[in-house]
Amino acid sequence: KQIWNQIQSTKNIRKITASMKMVSAAKLKGDETRLGLAIPFNKWTEALCEETVVIEEIADVTYEDFPQRTLIVPFSSDKGLCGGINTYISRNTKDAVAKLTAQGKECDVVIVGDKGRSQLARVIPDKIVRSATEVISPGNFNLAAALSSEVAAAGKDYDAVMILYNSYVNAAVYKQKYKLIRPLSGEGEEEPMTEYEFEPDTKSEVLVDFYEYMLTSQMFHSFMDGACAEQSSRMTAMENASQNAGELIDSLTLKYNRARQSRITTELIEIISGAAALEDA
């Protein structure tokens, strides 16, 4: 009876995971469409920002080119059951904080997503200055602007903002990337956008507003990319869970049949033995 109940409960779990896989597949289609629109929308920032870095091996990333004060913005999810996307982000964030601190540089963290906050709050609570949770999905540019405002509200004049996120490759693959966004300021040879004239406001004021818009655009693209990676990872995780549930059901069914067969055999032996005892009597 106990094995039978376990089989039924595992079958119910398999139904749930199979349904969640189908839901994630449908959401992934929508997120892919939104990401396809976000990529060309954010294309203009490539001329002003440093190249996006793919984190292949965590040990190979040194962060030596980072400035003295950096604000790290890791993008995690609010919901679980999506594989290791949040673990990877938390691991890379901890690694970046440790390496920057070892180099004598300052860094703070503004976390996007509840899962990342709960994981990082246990290991680097002193570095977390703000967090944004219960982020509405699917995202849009207004949401990215609100997240950008949270980053700006963190205070301090940082030399750069590092956006750490999961990048969608296909339904089975995603990679961790980071973008380093520096303020549009400098004098002499380092002065940005010297080929343009600014009217009627002064150039410094325009560049401050332009930097905020560039940061929002980059966060919008990162959020869309991370949302795609989250749904693809959840779809894969639910598919694996369904397969594991099926294997467990097969194993339990075999165990149940053996127990039932053993019980029937025992009862037959008792009946035959009883009949034989009556004949001898």
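## Aromatic pairs and strands in a predicted model

Reader: How many aromatic pairs does the count come to?

Author: The count comes to 12 aromatic pairs. The rule takes rings of Phe, Tyr and Trp (the six-membered ring for Trp) with centres within 6.5 Å; planes under 30 degrees apart are stacked, over 60 edge-to-face, and the rest tilted.

Reader: How do Phe41 and Phe220 sit, stacked or edge-to-face?

Author: Edge-to-face, at 5.7 Å centre to centre with 80° between the planes. Phe41 is in helix 1 and Phe220 in helix 5 (residues 203-280), so this pair links parts of the chain 179 residues apart. Helices here are DSSP runs of H or I with at least four residues, strands are E runs of at least two, and both are numbered from the N terminus.

Reader: Buried or exposed, those two?

Author: Phe41 is partly exposed at 34% relative accessibility, while Phe220 is buried at 12%. The cut-offs: buried is under 20% relative accessible area, exposed is over 50%, and partly exposed is in between, with a 1.4 Å probe and protein chains only.

Reader: And Tyr63 with Tyr178, what kind of pair is that?

Author: A tilted one, 5.7 Å centre to centre and 45° between the planes. Tyr63 is in the loop between strand 1 and strand 2, Tyr178 is in strand 6 (residues 173-181), and so the pair ties together parts 115 residues apart in sequence. Both tyrosines, Tyr63 and Tyr178, are buried.

Reader: What's the phi of Tyr63?

Author: Positive, about 60°, although Tyr63 is not a glycine. Tyr63 is at 1% relative accessibility, which means it counts as buried.

Reader: Which residues form the aromatic cluster?

Author: Phe41, Trp44, Phe141, Phe210, Tyr213 and Phe220.

Reader: OK, new topic. What's the mean pLDDT of the chain?

Author: It's 85, and 96% of the residues reach 70 or more; pLDDT is the predictor's confidence in each residue, on a scale from 0 to 100. Since you ask about ground rules: this is a predicted model, where local features need pLDDT of at least 70 and side-chain atom pairs only count at 80 or more, though totals for chains, interfaces and linings use all residues. Residues are numbered from 1 along each chain as its sequence is written, and side-chain values use heavy atoms, leaving out hydrogens and water.

Reader: Which elements have the lowest and highest mean pLDDT?

Author: Helix 4 (residues 141-152) is lowest at 83, and helix 2 (residues 85-102) is highest at 91.

Reader: Now the sheet. Do strands 2 and 3 pair in the parallel or antiparallel sense, and over how many bridges?

Author: Parallel, over four bridges; pairing takes at least two bridges found by DSSP. Ile72 stands opposite Val109 in strand 3. The chain goes from strand 2 through helix 2 to strand 3 in a right-handed β-α-β crossover. Right-handed means that, with the strands pointing away from the viewer, the path from the first strand over the helix to the second runs clockwise.

Reader: What about strand 3 and strand 4?

Author: Parallel too, with four bridges, and Val109 stands opposite Ile128 in strand 4. Strand 3, helix 3 (residues 114-120) and strand 4 make a right-handed β-α-β unit.

Reader: How many residues of strand 3 are buried?

Author: Six of its seven, so strand 3 (residues 106-112) is mostly covered.

Reader: Last one: what does Lys27 touch?

Author: Arg34 and Gln231, not counting residues up to four places away in sequence; contact means heavy atoms within 4.5 Å. Lys27 is in helix 1 (residues 2-41) and is partly exposed at 41%.
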